Amino acid sequence: GASSIWRYGGTETGFGGGKRRLGEGVKPDLSQAVSMAIDGSIWVLTSTGKLVRYTQGQPSRLEITGLDGEFNQPTAVYTDSDSANVYVLDRGNKRVVVLNKDGQYQGQYEWEGMGEVTDMVVSEKQKQVLLLSGSMIEAIELR
């Protein structure tokens, strides 16, 4: 199965050669990975609801605490260097879960149409969660 994450730098004509993004000897099992986000660290979400953070090429322990029920069909993870939080699209529970970057539950946004959502983008600056559902984009306002 997949066991590495590569980085390809841009050049004038396309992309250069790939460089390992994970430390030497780090061979994660990415066979169940469903989504990835990068904020300096690499966040990998698995279909089983496990969220793994790789910092400077090494896995760093992340325990999710305070979550209101287990993930059911986790589909996407989102964060970036401008975000204070990490967002998990939990389709089976029809919600987007908000965690801080230490894995502590901060809250959730529920919407009945969430079961059809396939991807999301979050802008904390604009206070919006944008959800892709079929050919439609739905917006939820962040509180």
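Is Arg-95 buried or exposed? Arg-95 is buried, with a relative accessible area of 2%. This is a predicted model.

**Salt bridges**

- The count of salt bridges comes to three.
- Arg-95 pairs with Asp-90, and their closest N and O atoms are 2.6 Å apart.
- Asp-90 is buried too, because its relative accessible area is 0%, under the 20% cut-off.
- Asp-39 forms a salt bridge with Lys-101, with 2.7 Å between the closest N and O atoms.
- This pair links distant parts of the chain, 62 residues apart. Asp-39 lies in the loop between strand E3 (33-38) and strand E4 (42-46). Lys-101 lies in the loop between strand E9 (95-100) and strand E10 (105-110).
- Asp-39 has 18% relative accessibility, so it counts as buried.
- The side chains of Lys-94 and Glu-112 also meet in a salt bridge, at 2.9 Å from N to O.
- Here, too, the pair links distant parts of the chain, 18 residues apart. Lys-94 sits in the loop between strand E8 (85-90) and E9. Glu-112 sits in the loop between E10 and strand E11 (117-123).
- Lys-94 is partly exposed, with a relative accessible area of 31%.
- Glu-112 is exposed, because its relative accessible area is 62%, over the 50% cut-off.

**The largest nonpolar core**

- In soluble globular proteins, nonpolar side chains tend to be buried together.
- How many residues does the largest nonpolar core have? The core has 15 residues.
- Those with the most contacts inside this core include Tyr-87, Leu-89, Val-96 and Met-114. Met-120, Val-129 and Leu-131 are also in that group.
- Strand E7 (74-78), E8, E9, E11 and strand E12 (128-133) each give two or more residues to this core.
- Which element gives the most to this core? E11 does, with three residues.

**Around Tyr-87**

- Set aside the neighbours of Tyr-87 within four places in sequence.

**A second core**

- There is a second, separate core of eleven residues.
- Among them are Ala-37, Phe-71, Val-77 and Val-88.

Methods:
Residues numbered from 1 in each chain as written. Predicted model: local features only at pLDDT ≥ 70, side-chain atom pairs only at ≥ 80, totals over all residues. Heavy atoms only, no water. Salt bridge = Lys/Arg side-chain N within 4 Å of Asp/Glu carboxyl O. Helix = DSSP H or I, 4+ residues; strand = E, 2+ residues; numbered from the N terminus. Buried < 20%, exposed > 50% of the residue type's maximum accessible area, 1.4 Å probe, protein only. Core = buried A, V, L, I, M, F, W, Y, C linked by side-chain atoms within 4.5 Å. Contact = heavy atoms within 4.5 Å.
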